Amino acid sequence: MVHSSSLDQFLSLVFLGLVLAFCIAPVSAAIFSINGSEIDSELLSDLIRSDSSLIGGDLPPGTVIFFWNTHCGGCHMAWDFLDEFIPEHPEMKLLDYDLYNSPENRTIFEQYKTTYHRTHLSVPSMMIGNLTLEGTQDISNHLGEILELQQNMHESQGFLSNFFTLFRNLKLF
């Protein structure tokens with residue numbers, strides 16, 4: 001026979017467990033290329049170095065698209081990271097879209113999901129070049145690295161373009 005106080009304690013623990021399960025946002029993290037394939041975060045640097053198109057894209061270097069939600073715990077953690085990161089990276093231009101109460105922003109989000117071949121994408125999510133960083137962990141672990149590689153690639157392409165232009169003008173080519 002179960003005493004009512006034991007049953008009350010058991011039900012309280014079950015209730016607390018359910019509250020914690022529903023109130024704590026699950027941690028998801030993933031990196032995707034524009035074709036929708038998932039990239040192992042440990043291989044990201046090597047993949048970028050072997051395929052610079054991953055950090056190319058239609059937007060100017062340093063432009064970052066950030067989708068988030070006002071009521072998302074992970075999004076607030078991503079903002080905490082960005083609040084420290086942004087002042088140290090003036091080369092970055094952040095375009096942020098809060099999805100909570102904006103049909104226009106949700107439409108933009110759906111368009112990006114289509115462009116990046118994602119049927120499902122959680123927030124916080126960030127697009128930079130031809131990559132999507134999903135989740136606070138991958139945003140904080142890889143944003144700086146991607147920006148640096150993107151900047152280096154842009155500078156080296158500019159140098160090579162200037163170099164060839166100079167030699168063409170000297171009629172050495």
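**Aromatic pairs, sheet and cores of a predicted model**

Phe 67, Tyr 97, Phe 109, Tyr 112 and Tyr 116 form one aromatic cluster. The model discussed here is predicted.

Reader: How many helices and strands does the secondary structure of the chain come to?

Author: Read along the sequence, the pattern is α-β-β-α-β-α-β-α-β-β-α. The secondary structure therefore comes to five helices and six strands.

Reader: In what order do the six strands stand in the open sheet, and which of them are at the edges?

Author: The six strands make an open sheet with mixed pairing, in the order β2-β1-β6-β5-β3-β4. A strand at the edge has a single partner, so one of its sides is left without a neighbour in the sheet. The strands at the edges are β2 (38-39) and β4.

Reader: What is the bridge partner of Phe 67 in β5?

Author: Phe 67 is found in strand β3. Strands β3 and β5 run antiparallel and are joined by four bridges. The partner of Phe 67 in β5 is Ser 125.

Reader: Is the pair of Phe 67 and Tyr 97 stacked or edge-to-face?

Author: The structure holds seven aromatic pairs. In the pair of Phe 67 and Tyr 97, the ring centres are 5.3 Å apart and the planes are at 25°. Planes under 30 degrees apart count as stacked, so this pair is stacked.

Reader: Which strands does this pair link, and how many residues apart are Phe 67 and Tyr 97?

Author: The pair links distant parts of the chain. Phe 67 belongs to strand β3 (residues 63-68) and Tyr 97 to strand β4 (residues 93-98), and the two are 30 residues apart.

Reader: Are Phe 67 and Tyr 97 buried or exposed?

Author: A residue counts as buried under 20% relative accessible area. The relative accessibility of Phe 67 is 0%, and that of Tyr 97 is 19%. Therefore Phe 67 counts as buried, and Tyr 97 also counts as buried.

Reader: What kind of pair do the rings of Trp 68 and Trp 79 form?

Author: Trp 68 lies in strand β3 and Trp 79 in helix α3 (residues 73-88), eleven residues apart. Trp 68 is buried at 13% relative accessibility, and Trp 79 is buried at 18%. Their ring centres are 5.5 Å apart with the planes at 85°, so the pair is edge-to-face.

Reader: The charged end of which residue sits over the ring of Phe 32?

Author: A charge of this kind must lie within 6 Å of the ring centre. Here the distance from the centre of the Phe 32 ring is 3.5 Å, and the residue is Arg 118.

Reader: Is Asn 130 buried or exposed?

Author: Asn 130 is found in the loop between β5 (125-128) and β6 (131-134). Leaving aside neighbours within four places in sequence, its contacts include Phe 32, Ile 34, Leu 54, Gly 57 and Tyr 116. At 14% relative accessibility, Asn 130 counts as buried.

Reader: How many residues has the largest nonpolar core, and which elements give two or more residues to it?

Author: The largest nonpolar core has 27 residues, and Phe 66 is one of those with the most contacts inside it. Outside its sequence neighbours within four places, Phe 66 is in contact with residues including Leu 82, Met 126 and Ile 139. The elements that give two or more residues to the core are α2 (44-50), β3, α3, β5, β6 and α5 (136-169).

Conventions
Residues are numbered from 1 along each chain as its sequence is written. This is a predicted model: local features need pLDDT of at least 70, side-chain atom pairs count only at pLDDT 80 or more; totals for chains, interfaces and linings use all residues. Side-chain values use heavy atoms; hydrogens and water are left out. Rings of Phe, Tyr and Trp (its six-membered ring) pair if their centres lie within 6.5 Å; planes under 30 degrees apart count as stacked, over 60 as edge-to-face and the rest as tilted. Buried means under 20% relative accessible area, exposed over 50%, partly exposed in between (1.4 Å probe, protein chains only). A charge sits over a ring if NZ of Lys or CZ of Arg is within 6 Å of the ring centre and within 35 degrees of the ring normal. Contact means heavy atoms within 4.5 Å. A nonpolar core is a set of buried Ala, Val, Leu, Ile, Met, Phe, Trp, Tyr and Cys residues joined through side-chain atoms within 4.5 Å. Two strands pair if DSSP finds at least two bridges between them.
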